[in-house]
Amino acid sequence: MTRVTSSEGRLAGDDAPARRHAVVVGGGLAGVTAALALADAGVRVTLLEGRPRLGGLAFSFQRGDLTVDNGQHVYLRCCTAYRWFLDRIEGAALAPLQNRLDVPVIDADRPEGRRLGRLRRDPLPVPLHLGRSLATYPHLSLAERANVGRAALALKRLDLADPALDDQDFGSWLAAHGQSPRAVEALWDLVGVATLNAVAGDASLALAAMVFKTGLLSDPGAADIGWAHVPLGELHDRLARKALESAGVRAEVRTRVTSVSTDGNGGWSVQVPGETLDADAVVLAVPQREAYDLLPAGALDDPERLLGIGTAPILDLHVVYDRTVLTSPFFAALGSPVQWVFDRTRASGLREGQYLAVSQSVAQNDIDEPVAVLRERYLPELERLLPGTRGATVRDFFVTRERTATFAPAPGVGRLRPGARTKAPGLYLAGAWTATGWPATMEGAVRSGVGAADAALSVLGRPRPRHLFAWDGAAGRGAPGPAVREGLR
């Protein structure tokens, strides 16, 4: 058994004087962010990840000659923390934003030639920036468009700090504000399902209001969409490892933590197979159920609350055609079980044909279906939506499943989400499921890592790095730090 000491000794094989030492458990976006923030403040950091790679649930893998993302992830210009993260790992140029929000929306139930609508913004102040788009949106009636405007103004007036919002569901609020089932399907759920991983009736009003107020009603460019033009592993694994190494972080993959406990001297002992690491601070940046298993007694008043935070699945269907069938980077669909479709041809390395990724949130009904059943169900739907597929040959069809992709944003979840600090001095929590005010997005994960690092630095007596993303910890209110440019799963 190897024991690695911290403030009382030296890192094994290191001749430099020991510094304050923090162990970060988990190498997803939250853990990588926490590790970088702590290291930038002069703390010696060890990051431990059980998987063979970093990136958590936003990762890539090889399938033959293709480099495949496990799921399609996007972010918005208002995701200022994730933008800071991209800058910090020198990856911003690889995941650019649209110049201006533009979402093609195809309604499969309308006659061909009349199926396409668009949600896009104009260079005008809020809420006028979306006025022309909503006024001409063909998938809603004139009365429905007018009612959408009135509901948006009512949504803008909601106070995100009001805890009562978390007890209400978004669907009931929409119905009470004149939104028809068609308006919910063609607009509110079009956005909400993709960002919340829940339909309006199953989503907390607090989280839904945060998404729409921040993304659509805060700044004209807030909802401009960005996505990786390279495999996610290039960003969240390769560039993240490079940034960690440059910051002096010892990052270990394939290293699963088996226990976390106090050492009796005000410090912490982190147990992994064959090694015990002593630390002055520990950040648990793992899913809520894993955090529950690792938490020492007394760390939270009611740790069972973590088990009350439900999970929701996301399914991705991957289709490789022998020719180009889609000429836009992505589109959203109505009148079909298909939700969002993205062109991943160039990012995957495919040289002939076209590779489409079909991203399906709220996938409870499909998540366990056999591939053959999903193929039979979804390929005809793509033919209905994309005429170019009708003469094309499908060269490959495969599925990726994340059964616990996000926490379920159900009403009441807000009271279950813990903050970064625990009752155990020196032990902190991070992860998109913690109390960031955001739903389970890459933005929420990065914010949680910053929050955990901030809490740890205040105890470790280290100054906050000047370039670290600055935010006040309140729902949806992030103040960009000096290095942040304006910027959800």
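Student: What volume does the largest pocket have?
Tutor: First, a word on the source: this is a predicted model, where local features need pLDDT of at least 70, side-chain atom pairs count only at pLDDT 80 or more, and totals for chains, interfaces and linings use all residues. Residues are numbered from 1 along each chain as its sequence is written, and side-chain values use heavy atoms, with hydrogens and water left out. On a 1 Å grid over the protein atoms alone, a pocket is an open set of points with protein on both sides within 12 Å along at least five of seven lines, while a cavity is a set where a 1.4 Å probe fits but cannot get out. Points are joined across faces, edges and corners, and the space filled by probe spheres set on them gives the largest pocket a volume of about 920 Å³.

Student: Which element gives the most to the lining of the largest pocket?
Tutor: Lining residues have an atom within 4 Å of a point, and the largest pocket has 48 of them, with R51, G56, L57, P287 and A405 nearest its centre. Helices (H or I, at least four residues) and strands (E, at least two) are DSSP runs, numbered from the N terminus. Among the elements giving two or more residues are α1 (29-40), α13 (442-460) and β19 (394-407). With seven residues, the top contributor is β19.

Student: How many charged residues are in the lining of the largest cavity?
Tutor: The largest cavity has a volume of about 40 Å³, and its lining includes D69, D316 and R344. Asp, Glu, Lys and Arg count as charged; Ala, Val, Leu, Ile, Met, Phe, Trp, Tyr, Cys and Pro as nonpolar; and the others, Gly among them, as polar. The lining divides into two nonpolar, four polar and, for charged, three.

Student: And in the second largest cavity, how many residues of the lining are nonpolar?
Tutor: About 30 Å³ of space lies in there, and W227, L232 and M442 are among the residues lining it. The lining has no charged residues and two polar ones; the nonpolar count is nine.
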